[in-house]
Amino acid sequence: MDEHPLPLEHVLAHVRDTLATDGRVGELGLEVVTESDVVVVRGAVSTHARQDAVVALTTEVLRTYGCAHAVRDETHVTSATVPHQEPEEL
Amino acid sequence: MIRIAAVGDIHLSGDTDRDLAEGMAGIEEHADVLLLAGDLTKCGTPDEAKVVVRELRHVPVPIIAVLGNHDHHDGRPEAVADVLGAGGIRVLEGHAVVLELPNGTLGVAGVKGFGGGFAGANASAFGEPEMKAFVQHTHAISDRLGTALASLDHRCDAKVALLHYSPTPDTLCGERLEIYPFLGSHLIAEAIDRAGADLALHGHAHAGREEGRTPGGTPVRNVAMPVIGCAYRVFNLGAKVA
């Protein structure tokens, strides 16, 4: 008997979980949605290396569940620059 | 005034390609202490903690930290704290420290905090053991925070509660409402309001906003690096006149 394909909503939940728990990305709270059959990942990541892993890891999970969707990375790397804002007086 | 620099969620590891050390350069011109609001590492390994020490080794002001959920992920938070401690970063978990700074005495009470949600939509210790354990963990941590804050009474010009999880939903705005129970707890705010503090700092909510307040009126600031968008934020606390 053929197994029913897993609804995409469940697959996207697995993608989000993997992006959080797999050390290649390790970022909780990323948004994973579909837009016109493309899986889009948004949110803040801490390094360029982790950002570079987003598409590969997402694609890996999608393929595990038989999904052939393209993946678009819309994450951004958090800035760690010298602050320019004035101190807050409390 | 007492000048405090703070940041959380720096998430360092071996793949770190940002130069946090560069972002921290000259911090002593703006602040007398650096407070780290948890999630210093990516996955909570001692090796990642060594990266934290390396990146912050040239910071010439005292560094006080709490751990975050990422720092617990590998199951070795004590080892992470040990590495940080050996590197000069004092880690608080249910304790307080008093710092004699150039313009006053600062007390910092620190806990990781935990989830459970906020008044009107908070979890209760009822039903399955797992649910009770979840809520009781927050109760225990909040109690430790209250005790640590109270221990600072009459010893300090200003008191700060240093946290990873949020004590208020104010600073979570921008996050999905469904995950608020995993981002903080009203019990932390209750501990702060009972014991009193001049400022509460937290991280954890990357999509939240900076400013909030406990129900009792203590200013709360979310200093997660994705929120503040730079190496640290500075707060000047007016020292009390004796």
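Residues are numbered from 1 along each chain as its sequence is written, while chains are lettered from A and ligands numbered from 1 in the order in which they are written. Because the model is predicted, local features need pLDDT of at least 70 and side-chain atom pairs count only at pLDDT 80 or more, whereas totals for chains, interfaces and linings use all residues.

**Confidence**

For the complex, the predictor gives an ipTM of 0.87 and a pTM of 0.94.

**Strands**

Helices (H or I, at least four residues) and strands (E, at least two) are DSSP runs, numbered from the N terminus. Two strands pair if DSSP finds at least two bridges between them.

Chain B contains an open sheet of six strands in the order 5-6-7-8-10-9, with mixed pairing. Its edges are strand 5 (95-101) and strand 9 (211-213) of chain B, each of which pairs on one side only. From one strand to the next, the twist averages 25 degrees. Within chain B, strand 6 (residues 104-110) and strand 7 (residues 158-162) run parallel and are joined by five bridges; A158(B) in strand 7 of chain B is the bridge partner of L106(B).

In chain A, strand 1 (residues 31-35) and strand 2 (residues 38-45) run antiparallel, also with five bridges. E31(A) has R42(A), in strand 2 of chain A, as its bridge partner. These two strands of chain A form a hairpin with two residues between them, and S36(A) in the turn has a positive phi of about 50 degrees.

**Helix packing**

Two helix pairs are tabulated below. Axes are lines fitted to C-alpha atoms, for helices over the stretch in contact, and angles run from 0 to 180 degrees between N-to-C directions.

| Helix pair | Angle | Axis separation |
|---|---|---|
| Helix 1 (residues 8-21) and helix 2 (residues 48-64) of chain A | about 140 degrees | 9 Å |
| Helix 2 (residues 46-56) and helix 3 (residues 77-86) of chain B | roughly 25 degrees | within 9 Å |

Angles under 35 degrees count as roughly parallel, over 145 as roughly antiparallel, 65 to 115 as roughly perpendicular and the rest as oblique. Helix 1 and helix 2 of chain A are therefore oblique to each other. Two residues are in contact if their C-beta atoms, placed from the backbone, lie within 7 Å. On this basis V11(A), H14(A), V15(A), T18(A) and L19(A) of helix 1 of chain A meet V54(A), L57(A), T58(A), V61(A) and L62(A) of helix 2 of chain A. This contact comprises seven nonpolar, three polar and no charged residues, where Ala, Val, Leu, Ile, Met, Phe, Trp, Tyr, Cys and Pro count as nonpolar, Asp, Glu, Lys and Arg as charged, and the others, Gly among them, as polar.

Helix 2 and helix 3 of chain B are, by their angle, roughly parallel to each other. Helix 2 of chain B contributes P46(B), A49(B), K50(B), V52(B) and V53(B), and helix 3 of chain B contributes A79(B), V80(B), V83(B) and L84(B). The residues of this contact divide into eight nonpolar, no polar and one charged.

**Contact between the chains**

The contact takes 28 residues from chain B and 19 residues from chain A. On the side of chain B, helix 1 (20-24), helix 6 (225-228) and strand 11 (233-237) each supply at least two residues, and strand 11 of chain B gives the most, with five residues. That side of chain B divides into 14 nonpolar, seven polar and seven charged residues.

Strand pairing also links the chains: strand 4 (residues 88-89) of chain A and strand 11 of chain B run parallel, joined by two bridges. There, N236(B) in strand 11 of chain B is the bridge partner of E89(A).
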